[in-house]
Amino acid sequence: MDRRTFLVGVVSVSAGSARAQEAPRWPSPVIDMHFHMRRTPALNIAHQQGASITAANLLTRNDAAAAVAALQAQNAKMFPCWFGATDVSKPDAEQLLTQAVKSGAKGFGELKYPVAADGPEMRRVYDLAAELNVPVLIHFQEVGQPAAPGGYNTGIKRFGAILKAYPKTKFIGHADAFWANISADYHEQEAYPTGPIVPGGISDKLLSDYPNLFADTSANSANNALSRDPAFTRDFLKRHQDKLHFGSDCNCEDGKGGGAAQNSDRVAPRMRGKCVARETLTLLAGATTPAVFRKIAWTNAHRLVG
Ligand SMILES: [Zn+2]
Ligand SMILES: [Zn+2]
């Protein structure tokens, strides 16, 4: 099926289906800053259309410049920018990341490798990011999960020292250790803690104290954290309205929660069969003013990547 046939198919399906399948309307245009690039142009486009998302930042690995260029040539407005990533423990990591930026990447990420966040591998990346003036998107994980055993960029509780040591590097926090640590009582007991937030958590403090730390609202981790305590969430989004930007990290195929990946037991039960983008945009729309929603869903990302 060529792309035109596919698009006509998508339009007629959404026009003729039940209300649950209707395209949602958001208070402002939306850019999904945490969208892992998919195998085909059709799959990349389907998620955007299904969840009514205006644009996406493509997260890629290794040498993706040609595939990104092909997708951008078809859909310049829908896919305006991309990030590059590679295994930071390999000797050619700096060369590959530099090449990605020379080919047009606007950031490094997502960086999800089993190293310490303040170890030598990531320190090389932070230096390079400052030199090339691109942000670094970091997956912070301490607790192993079915889909991702072990830890990645461990040691978030020590991360203030890194933010201080690399003032010219722009960091984007993401994943379960980042979001679980918005509560001061978190001790790595589980990936997705529940219940009311205890104010004074590490990630909340780091966002307040360091102008070079940002965060995306992607994945079950952010959705779970921002669902725990509505009063805290409203205040948190208001206080950090200039530091947060929307991302989905969604695995669904159609922007409606469909497809095998989002319905598998590798997905957190509370998000299974749902579109993370829709869920988190609904949450943000309900917990912010339209002006703050616009910052988080649209303008902050533009300021971060230019
Ligand atoms: Zn991640
Ligand atoms: Zn989705």
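Q: Is Cys 250 buried or exposed?
A: This is a predicted model, in which local features need pLDDT of at least 70 and side-chain atom pairs count only at pLDDT 80 or more, while totals for chains, interfaces and linings use all residues. Residues are numbered from 1 along each chain as its sequence is written, chains are lettered from A and ligands numbered from 1 in the order in which they are written, and side-chain values use heavy atoms, with hydrogens and water left out. Relative accessible area, computed with a 1.4 Å probe on protein chains only, counts as buried under 20%, exposed over 50% and partly exposed in between. Because the relative accessible area of Cys 250 is 7%, this cysteine is classed as buried.

Q: What is the relative accessible area of Cys 275?
A: Cys 275 is also assigned to the buried class. The value behind that assignment for Cys 275 is 2%.

Q: How many disulfides does the count come to?
A: A disulfide is a covalent bond between the sulfur atoms of two cysteines. The rule applied here asks for a pair of cysteine sulfur atoms within 2.5 Å. By this rule, the number of disulfides is zero.

Q: How are helices α8 and α10 oriented to one another?
A: Helices (H or I, at least four residues) and strands (E, at least two) are DSSP runs numbered from the N terminus, and axes are lines fitted to C-alpha atoms, for helices over the stretch in contact, with angles from 0 to 180 degrees between N-to-C directions. The axes of α8 (residues 202-209) and α10 (residues 230-239) come within 11 Å and cross at roughly 25°. Angles under 35 degrees count as roughly parallel, over 145 as roughly antiparallel, 65 to 115 as roughly perpendicular and the rest as oblique. The crossing angle of α8 and α10 therefore makes their orientation roughly parallel.

Q: Which residues of α10 make the contact with α8?
A: Contact means heavy atoms within 4.5 Å. On the α8 side, the contact is made by Asp 204, Leu 207 and Ser 208. Their counterparts in α10 are Phe 232, Phe 236 and Arg 239.

Q: Which residues of α11 meet α9?
A: Helix α9 (residues 219-227) and helix α11 (residues 276-287) pack with their axes 10 Å apart and at an angle of about 30°, which means that α9 is roughly parallel to α11. From α9, the residues involved are Ala 219, Asn 220, Asn 223, Leu 226 and Ser 227. The residues that they meet in α11 are Val 276, Glu 279, Thr 280 and Leu 283.

Q: In which strand is His 245 found?
A: His 245 is buried, with a relative accessible area of 2%. Not counting residues up to four places away in sequence, its contacts include Met 33, Phe 214, Asp 216 and Asn 300. The strand that holds His 245 spans residues 244-245 and is β8.

Q: What is the phi of Asp 249, a residue that is not a glycine?
A: Asp 249 sits in the loop between β8 and α11, and at 19% relative accessibility it counts as buried. Its phi is positive, at about 55°.

Q: Which residue is joined to Gly 109 by a cis peptide bond?
A: The omega of this bond is about 0°. The partner of Gly 109 in the cis peptide bond is Glu 110.
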